Amino acid sequence: MPIVFRLLAALMVLLPFPAAGQSARVVFYNTENFYDTVPSPTGQDADFTPRGKYRWDGERYQLKTEGIARTLAFSGGGQFPAVMGLAEVESEFVIQGLTDSPFLAGGGYSFVCSAQAGRTDRCVAFVYGRDFVLSHWQRVECGAGLRPLLHVCGELHGTRMHFVVCHLPSQFNRNRMRTEAARAIGSLIDSVRTTEPDARIVVMGDMNMTPSDKIMKRLAAGAGFNNPFGDLSRRGAGTLVYNNRWLLYDQILYGGALSVAECGIVRPGFLLRADGAPLRTYAGGEYLGGCSDHLPVYITFSFLK
């Protein structure tokens, strides 16, 4: 690991977690094709192997791991994030590599993910620190051709919370598929509220649509959720660039007795190209050495009585 990374990581180990009763930060990050280097039996990851199309070797994998871990640590704003959602991670192995990284090792993180035996499609994950006590979690299927949701329940600072991590179908898919995925989220929320009418729920993910999209508006309205990223999107902010236009696809919504004091997009210089767009790992088949085509998002919230 380069010496500047080691120094930064050492500083992160000393950062404290928020004390009980204080605010907590939630971070979501689409890590874009975060694969390990081991070929899978199905061959779905063939391009991301040492002999594959992208020459995805140990050195490149380690550099991406360190970059993502550094980004997540930075996203805490001076403290380790309380919980984090991740998208496009291949396996538990790559998540373990993040939590073991010197940037995050001091946080004492654990995780669950939606990976399934026999499947190597990129999954979503929920990473939680010491202040979160896991009660239970489940993988929620959304339908044929749709990525499953990850539903996690536990206590954060002693208060019961539900988290949903998702990655909705891309714009290359029909609108119907995003509608179906959004309905699955709504159904999950309804199910939780059947037994916990006042449940505190956070939904985070790569929605592959902006807050102003009709599907997103319908989801938020139907669940009685707040989407704090609407204002940022209306002002032209975004988490990825497509056709020279910023789009805010990565969002965190919330419902129940929560008060969000801050929300934002994480954009340190080391994540960006010279023109300000996210620095990807690959573009047009060329290795660039960046982390992702997305930028992370976060909210900082406290509990209302």
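Contact here means heavy atoms within 4.5 Å. With that settled, I can start on the protein itself. Among contacts between residues at least 6 apart in sequence, 70% join residues at least 24 apart.

Two notes on the source. This is a predicted model, in which local features need pLDDT of at least 70 and side-chain atom pairs count only at pLDDT 80 or more, while totals for chains, interfaces and linings use all residues. Residues are numbered from 1 along each chain as its sequence is written, and side-chain values use heavy atoms, with hydrogens and water left out.

Now the overall picture. The protein has 6 helices and 15 strands; these are DSSP runs, H or I of at least four residues for helices and E of at least two for strands, numbered from the N terminus. The radius of gyration is 18 Å, close to the 19 Å that the globule rule gives for 305 residues, so the protein is as compact as a globular protein of that length. That radius is taken over C-alpha atoms, and the rule is 2.2 Å times the number of residues to the power 0.38. Along its principal axes the C-alpha trace spans about 50 × 45 × 40 Å.

How many of the residues count as buried? Of the 305, the share is 54%. Buried means under 20% relative accessible area, exposed means over 50%, and partly exposed is in between, with a 1.4 Å probe and protein chains only.

Next, helix 5, residues 214-223. Its buried residues are Ile215, Met216, Leu219, Ala220 and Ala223. In general, an α-helix has 3.6 residues a turn, so residues three or four places apart point the same way. On the other side of helix 5, the exposed residues are Lys214, Lys217, Arg218, Ala221 and Gly222. The cover over the buried residues includes helix 4 (175-195) and strand 11 (250-255).

Last, two single residues. Thr65 is in helix 2, residues 58-75. Is Thr65 buried or exposed? At 2% relative accessibility, Thr65 counts as buried. Leaving out residues up to four places away in sequence, Thr65 touches Phe34, Gly97 and Leu98.

Trp246 lies in strand 10, residues 245-247. At 27% relative accessibility, Trp246 counts as partly exposed. Beyond four places away in sequence, the residues Trp246 touches include Gly236, Arg267, Pro278 and Leu295.
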